[in-house]
Amino acid sequence: MEERIIASKGLYTEFSRKGGAAPTATHYCPGCGHGIIHKLMGEAMHDLGIQDRSVMISPVGCAVFAYYYFDCGNLQVAHGRAPAVGTGVSRAEDNAVVIAYQGDGDLASIGLNETIQAANRGEKMAVFFINNTVYGMTGGQMAPTTLIGERTVTCPQGRDPGYDGYPLHMCELIDNLSAPVFIERVSISDISHIRKARKAIRRALEIQRDGKGYAFVEILSTCPTNLGQNAEQSTRFVNEQMEKEFPLGNFRDLADQTEPICRADSVFKKKAIDDLFNLDTGSSPDAVLDPSFPEVQIKAAGFGGQGVLSMGLTIAHAGCVAQRFVSWYPSYGPEQRGGTSNCSVVISGESIGSPVVQESDVLVAMNRPSLEKFAADVKEGGYILYDSTIGECSIPEGVTGIAVPAIRIAGDAGSEKAANTAMLGIMLALGITGLSAQNFKAALSATFSGKPKLIPLNHVVLESAVSWANENL
Amino acid sequence: MSGKKEPYPVINIIECKACGRCITACPKSVLLMSTALNERGYHYIEYTGEGCTGCANCYYTCPEPLAIEIHIPLKGE
């Protein structure tokens with residue numbers, strides 16, 4: 001006999017990313033509202049035919065694992081950052097259906113600013129705000145939406161507005177903005193409310209299917225575990241207490257009179273950026289894939305003002321000129337002069353995963369504190385180049401320490417300030433960067449393009465340092 | 001069951017966590033909590049075997065997406 005089957009749609013048929021003893025069951029507690037809402041959203045995505053266009057943004061909170069369940073694209077983002085990431089996705093992929101799924105902590109506390117900003121810009125996204133008046137994942141703390149007098153772990157006497165303020169009404173806040181297309185507050189407390197929630201969720205996703213702009217659905221939900229309730233009590237709590245504070249209803253539905261938002265296709269070609277900023281594409285050619293090129297990791301450190309950051313930039317620029325992949329990653333205090341600063345440079349034949357240098361092939365230390373701080377992180381067989389004015393110091397075993405009279409070389413050539421360039425000359429002479437004299441000279445010319453008088457001076461310092469290295473090393 | 005052409009729920013016992021929402025939602029009171037435990041140590045929902053109208057209230061109110069399915073035989077067979 002033929003049957004019509006009412007069953008889960010838009011979600012996976014087995015949650016293999018979750019695994020465990022029951023890979024078809026969710027990780028949620030008994031009586032939790034998340035599973036109900038997942039089901040309604042999955043069904044709507046499936047029925048509207050938007051699964052392949054959808055990018056779900058998983059929050060921080062119990063629903064952090066939303067990607068276990070939803071059969072669509074997914075991003076898991078930092079706490080409260082769904083509006084920012086969603087904006088990025090929506091702007092980069094105009095056809096994407098962006099769905100933010102956020103709890104009361106994620107959306108109304110840490111993410112409140114971004115939520116308001118994204119709503120105010122009318123970003124193309126459907127935001128599903130799960131309000132259950134309590135922090136679930138972290139163990140039942142007070143939320144921005146906790147009711148007056150409601151007890152949680154962090155307000156054991158009940159929320160006192162004199163200390164804790166009042167419950168935040170998100171729909172009402174967002175209803176003050178001009179851009180949102182759709183705003184509605186629903187509940188999943190019991191079946192009659194679930195049927196209404198189902199319609200609102202479909203409407204919000206329809207608006208996304210048609211690219212019409214920002215839709216916000218607040219869903220009053222249950223957290224039996226953290227509120228110490230059974231299923232019936234949790235239903236009554238939502239119906240009798242939450243609804244009083246958060247009245248249900250549609251605040252706005254402008255979908256029928258709103259035209260789809262059409263944005264130009266995003267272009268990610270480097271040339272487009274160069275054209276936009278009027279840059280000379282020839283001066284920084286694209287990197288070329290060359291897995292045979294041994295990756296070099298360099299750390300440069302010294303006092304602020306000794307030019308370690310610009311030395312790092314010059315190395316990175318030399319790598320660019322040689323069409324290598326490069327990264328430059330500075331670290332410095334708030335002061336412009338006198339503090340310590342360092343930078344990490346990676347030069348590679350392949351794209352660089354992380355710009356952080358934990359263990360370096362070369363350490364350039366312009367002062368003693370930097371030498372002492374970073375010497376232990378130099379790889380065996382690596383080099384430590386330090387200014388000879390530092391004097392006696394201990395170099396780890398298996399590492400070559402070279403006391404370079406960098407300040408003197410630079411001073412002899414015309415300016416002690418170019419001591420950092422002298423260090424570049426030593427690196428060049430030792431051949432540890434895999435870059436040529438031409439690369440370094442081109443990079444110096446670029447570094448000093450704003451002060452062209454300094455270019456010949458720095459070229460001379462570079463050459464003097466190479467000569468010093470050839471004579472003394 | 002299928003001979004009577006009556007709708008019926010299919011319950012995946014291992015996924016039930018015994019919250020009891022479906023019992024409250026069922027207008028015909030044809031769902032009951034088991035006395036036995038499932039493999040994971042929860043009581044679970046059982047169908048009495050008749051009286052289901054296929055309204056799907058239990059399906060929609062259940063927090064476990066895959067725990068309940070509603071099968072509705074099509075008429076005019």
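Colleague: How many Å separate the centres of domain 1 of chain A and domain 2 of chain A?

Modeller: The centres, taken over C-alpha atoms, are 50 Å apart. Domain bounds come from an automatic or database domain assignment, which gives domain 1 as 33-257 and domain 2 as 271-472 in chain A. This is a predicted model: local features need pLDDT of at least 70, side-chain atom pairs count only at pLDDT 80 or more, and totals for chains, interfaces and linings use all residues. Residues are numbered from 1 along each chain as its sequence is written, with chains lettered from A and ligands numbered from 1 in the order in which they are written.

Colleague: Why is strand 5 of chain A described as largely enclosed?

Modeller: Strands are DSSP runs of E, at least two residues long; helices are runs of H or I, at least four. In strand 5 (residues 126-131) of chain A, 6 of the 6 residues are buried, so the rest of the structure largely encloses it. A126(A), F128(A) and I130(A) cover one side, and V127(A), F129(A) and N131(A) the other.

Colleague: Which strands of chain A pair with strand 5 of chain A?

Modeller: Pairing requires at least two DSSP bridges. Strand 4 (residues 97-103) of chain A runs parallel to strand 5, with 5 bridges; there, A100(A) partners V127(A). Strand 7 (residues 215-220) of chain A is also parallel to strand 5, over 6 bridges, and I219(A) stands opposite I130(A).

Note on methods:
A residue is buried if 20 or more other C-beta atoms lie within 10 Å of its own, exposed if 12 or fewer, and partly exposed in between; C-beta atoms are placed from the backbone.
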